[in-house]
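Thanks for passing this one along. Here are my notes, in numbered points, to read beside the model.

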Amino acid sequence: MGSRPDYDVVVVGGGPAGSTAACLLGEAGHRVALLEKRTYPRDKVCGGCLSQKSVRFLDRVFHLPVGALRREGLLDFTGTGYALYIGSSRILAEDLAEPVYFTRRERYDAYFAGMAARAGVEVQTGAEVTAIDHARRTVTTSDGDRYAARVLIGADGVHSRVRRSLPESIVDTERWRENLGWALELAIPRKEAETLMNGDGSIRLDADLATPHLVFAACRRGYGWVFPNREAIVVGIGGLLRMNEKCLPERFEEFLKTVGFSAFTDRKPVGFPLPLGNYIPSPAHEGTVLVGDAAGFASPLLGEGIFYAHRTAELAAHAVDRHLTSAAQLAGTYTALLRRRLIPELRAETALRNFLYGCLDARMQVPLAAFMRATSNRVVDAVQGSRSFRVFRRDDGLHSAVW
Ligand SMILES: Cc1cc2nc3c(=O)[nH]c(=O)nc-3n(C[C@H](O)[C@H](O)[C@H](O)COP(=O)(O)OP(=O)(O)OC[C@H]3O[C@@H](n4cnc5c(N)ncnc54)[C@H](O)[C@@H]3O)c2cc1C
């Protein structure tokens with residue numbers, strides 16, 4: 001067992017959330033340790049879709065415009081259009097005014113951990129945090145190393161040990177369970193997908209497998225997706241866990257058949273939880289804050305979480321910096337930033353999601369399809385981050401302001 005010198009900040013978990021928080025605080029001159037239980041490159045079950053709000057974040061915060069992201073090998077595929085279905089009925093097939101991108105998480109996450117290291121952060125891999133003492137503000141790893149810090153950041157994903165160590169008053173476990181999603185995903189090597197895809201399904205994918213497909217009603221209170229990568233086609237299905245608990249594997253098999261991939265029904269998809277609106281409104285307690293999936297921050301409609309991991313980490317880093325440099329109250333500052341910058345959007349997106357799924361439950365597919373066609377441009381803008389989900393007001397600064 002070793003005792004490590006004191007840090008200003010210890011970040012637990014080196015996904016997009018942890019690396020972003022660590023990097024920004026390292027750049028601000030704080031003494032930071034980032035503890036990641038695995039070693040890079042490591043994969044994460046994920047569709048890897050980056051909306052425009054994500055790429056704009058990377059440009060604004062890390063000075064990585066699209067050209068630089070390409071040069072660094074962080075953009076694997078570009079989606080210039082999309083197709084939207086309810087069940088087997090095609091609602092829309094359109095070009096996108098601005099593309100979405102697909103990344104490979106093993107490369108993406110290793111890159112941002114590297115960036116944190118270049119900002120002076122002590123990045124420890126193979127360092128699994130097994131115990132957290134909030135009163136002493138220390139964490140202990142499975143090797144017995146103990147790290148003490150003025151602030152702890154829990155960025156350890158949806159299963160977060162840091163979250164589970166917080167007092168019950170912080171996490172409304174009922175609300176967490178109500179809105180927790182579960183997903184199954186399978187990456188099919190592109191060559192096999194191209195060769196073995198058949199036209200037997202009721203949804204015909206484009207012949208060159210280049211168009212992202214979203215299929216609502218592929219499961220209850222969720223959707224299915226087919227995301228193109230350069231070397232693979234990622235097929236997934238995800239929805240609220242409480243609605244799909246037993247039937248998701250069956251629905252996944254049906255989904256494979258629906259999109260013409262019946263040749264792959266014997267392959268085992270990977271299952272993983274995903275936040276779908278179960279964000280914790282005040283994810284902070286004394287000297288500890290939670291960011292990203294650890295606090296349930298992801299799109300309630302689509303489960304897009306990479307942007308929210310980066311963005312909550314940016315807001316948290318700002319609050320931590322103010323706490324360390326001018327003794328601003330940590331939990332209060334972070335919670336205020338979330339309430340001002342993120343939570344109103346997530347609430348409005350949850351209302352839209354509940355409306356869509358309410359229509360599906362009531363079998364109002366025809367009016368819902370008409371609604372989706374009429375609002376598609378505005379909803380796409382909101383997902384891309386240039387429009388608010390609140391009455392679809394145009395707002396180019398929506399996801400860039402901190403205060
Ligand atoms: C099937 C599926 C598809 C998805 N598709 C998309 C998509 O297309 N686009 C999108 O934007 N989002 C998508 N998401 C969501 C996205 O993957 C997450 O929201 C995102 O990874 C959250 O980042 P994070 O840094 O908070 O957590 P994570 O990426 O989960 O990182 C947490 C890190 O903490 C480490 N860790 C955990 N416990 C400990 C510990 N005790 N000690 C030390 N380290 C620890 C883990 O090893 C991991 O590296 C998808 C999710 C799923 C499940």
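1. A search of the whole structure turns up 22 salt bridges, a salt bridge being a side-chain nitrogen of Lys or Arg within 4 Å of a carboxyl oxygen of Asp or Glu. One of them joins D109 to R42, with the closest N and O atoms 2.7 Å apart. D109 sits in helix α4 (residues 105-118) and R42 in the loop between β2 (32-36) and β3 (49-50), so this pair ties together parts that are 67 residues apart in sequence. Helices (H or I, at least four residues) and strands (E, at least two) are DSSP runs, numbered from the N terminus.

2. Please keep the provenance in mind: this is a predicted model, where local features need pLDDT of at least 70, side-chain atom pairs count only at pLDDT 80 or more, and totals for chains, interfaces and linings use all residues. Residues are numbered from 1 along each chain as its sequence is written, and side-chain values use heavy atoms, with hydrogens and water left out.

3. The domain assignment, which is automatic or from a database, gives domain 1 (7-77 + 101-175 + 279-377) and domain 2 (180-275). Their C-alpha centres lie 26 Å apart. Across the boundary, 25 residues of domain 1 are in contact (heavy atoms within 4.5 Å) with 24 residues of domain 2.

4. How much area do domain 1 and domain 2 bury between them? About 2,200 Å², 65% of it on carbon and sulfur atoms; buried area is the accessible area (1.4 Å probe) that two parts lose on being put together, summed over both. In domain 1, V45, F77 and Y357 lose the most area to domain 2, together 26% of what that side buries. Three salt bridges are counted between the two domains.

5. Now to helix packing. Helix α1 (residues 16-27) packs on α10 at an angle of about 30 degrees, the axes being 8 Å apart. Axes are lines fitted to C-alpha atoms, for helices over the stretch in contact, and angles run from 0 to 180 degrees between N-to-C directions. Residues making this contact include A17, A21 and L24 of α1 and A309, A313 and A317 of α10.

6. Helix α2 (residues 52-62) also meets helix α10 (residues 306-326): their axes come within 9 Å and cross at roughly 35 degrees. Among the residues in this contact are F57, L58 and V61 in α2, and F307, Y308 and R311 in α10.
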